[in-house]
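This report is meant to be read with the sequence and the 3D structure at hand. Please look at both before going on.

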Amino acid sequence: MRPVERGDQPTDESGKPIRFTKYQEASPYLKERLGRYCSYCEMHLSAGLHVEHIQPKSHHPQYKLDWNNFLLACVHCNSAKGDTDIIAREYYWPDQDNTFRAFEYDADGSIIPHPKLTPQQQRLALKSLELFNLSQNTCSENDPRLLQRREAWEIAKEAYTDLQNGATIRTVKRLAQAKGFWSVWITVFQDNPEMLNLFIQDFPGTCQQCFDQSGKPVKRPCGAL
Ligand SMILES: [Zn+2]
């Protein structure tokens with residue numbers, strides 16, 4: 001999961017914070033800040049991306065229009081989470097933690113809690129995957145997120161070879177941005193600091209403080225991970 005920063009509440013032309021009257025009004029600002037990617041599964045979507053409430057609006061109506069409670073989600077992640085009432089600290093969140101450190105991505109499309117985490121951290125990481133039906137136990141074999149993530153891995157591996165054979169870094173970056181699944185690209189290109197830094201800097205909203213100069217993940221300041 002890509003760690004992101006949505007930034008401060010958007011302002012109007014006079015510099016005043018915009019007070020949303022419907023949560024859907026936040027959608028264009030979130031897409032501009034974070035790119036057109038699901039905040040959880042990382043799928044790229046040109047349509048069908050919704051404003052997602054971290055604290056569900058049914059249980060916490062006071063956060064229904066709260067900018068800091070918003071992320072973006074695809075229909076699969078959105079409906080898996082539904083209006084589950086959550087205790088936020090029992091999960092890892094892409095706007096608060098370095099969620100790239102929480103999981104390990106594999107060629108078969110699977111996501112697992114990262115083996116380097118402590119048992120307690122692995123428990124939270126698994127809970128975070130299960131909340132969105134992204135874990136191996138809860139994700140069906142036909143889940144489009146799984147199939148597309150597997151496809152993204154294949155494309156990233158091909159791009160890795162193409163880069164060695166003369167493709168430009170800009171071409172590879174654009175391919176990654178069009179396909180999505182940022183964590184897959186970061187994993188496949190883990191030994192190429194130049195590409196890592198491009199992915200970190202040029203996918204909108206990626207939390208820069210979660211990575212060192214060589215593109216390796218570090219603990220997020222104020223985050224649990
Ligand atoms: Zn999703």
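The model is predicted, so local features need pLDDT of at least 70 and side-chain atom pairs count only at pLDDT 80 or more, while totals for chains, interfaces and linings use all residues. Residues are numbered from 1 along each chain as its sequence is written, and side-chain values use heavy atoms, with hydrogens and water left out.

**Zinc site**

Cys38, Cys41, Cys74 and Cys77 coordinate the zinc ion through their SG atoms, at 2.3 Å. Donors here are N, O and S atoms within 2.8 Å of the metal (3.2 Å for Na, K and Ca); water is not among the atoms, so sites may look incomplete. Along the chain the donors follow the spacing C-x2-C-x32-C-x2-C. The arrangement is tetrahedral because the four donor atoms subtend angles of 105 to 117° around the zinc ion; four donors count as tetrahedral if all angles lie between 85 and 135 degrees. Both Cys74 and Cys77 are buried, where buried means under 20% relative accessible area, exposed over 50%, and partly exposed in between (1.4 Å probe, protein chains only).

**Salt bridges**

A salt bridge is a side-chain nitrogen of Lys or Arg within 4 Å of a carboxyl oxygen of Asp or Glu. By this rule the count comes to seven, and the table gives some of them.

| Pair | N to O distance |
|---|---|
| Glu52 and Lys81 | 3.0 Å |
| Arg145 and Asp143 | 2.8 Å |
| Glu151 and Lys179 | 2.6 Å |

Helices (H or I, at least four residues) and strands (E, at least two) are DSSP runs, numbered from the N terminus. Glu52 is buried at 2% relative accessible area, and Lys81 is buried at 1%.

In the pair of Arg145 and Asp143, Arg145 is buried at 2% relative accessibility, and Asp143 is buried at 10%.

The salt bridge of Glu151 and Lys179 has N to O at 2.6 Å. Glu151 is in helix α4 and Lys179 in helix α5 (residues 169–179), so this pair ties together parts 28 residues apart in sequence. Glu151 is partly exposed at 39%, whereas Lys179 is buried at 15%.

**Two loop residues**

Pro94 sits in the loop between α2 and β3 (103–105) and is buried, with 0% relative accessibility. Pro94 and Arg2 are 92 residues apart in sequence, and their C-alpha atoms are 6.2 Å apart in space. Leaving aside neighbours within four places in sequence, the contacts of Pro94 include Met1, Arg2, Tyr40, Leu71 and Arg220; contact means heavy atoms within 4.5 Å.

Ser135 lies in the loop between α3 (119–131) and α4 (144–164). Ser135 is also buried, at 1% relative accessibility. Beyond its neighbours within four places in sequence, Ser135 is in contact with Ile111, Leu126, Leu129 and Glu130.

**Largest pocket**

The largest pocket is lined by 13 residues, and Phe100, His114, Thr187, Gln190 and Pro217 lie nearest its centre. A pocket is an open set of points on a 1 Å grid over the protein atoms alone, where a 1.4 Å probe fits, with protein on both sides within 12 Å along at least five of seven lines; lining residues have an atom within 4 Å of a point. β3 and α6 (182–188) each supply at least two lining residues, and β3 gives the most, with three.

Terms used:
Four donors count as tetrahedral if all angles lie between 85 and 135 degrees; four count as square planar and six as octahedral if opposite donors are over 155 degrees apart and all others between 65 and 115; anything else is irregular.
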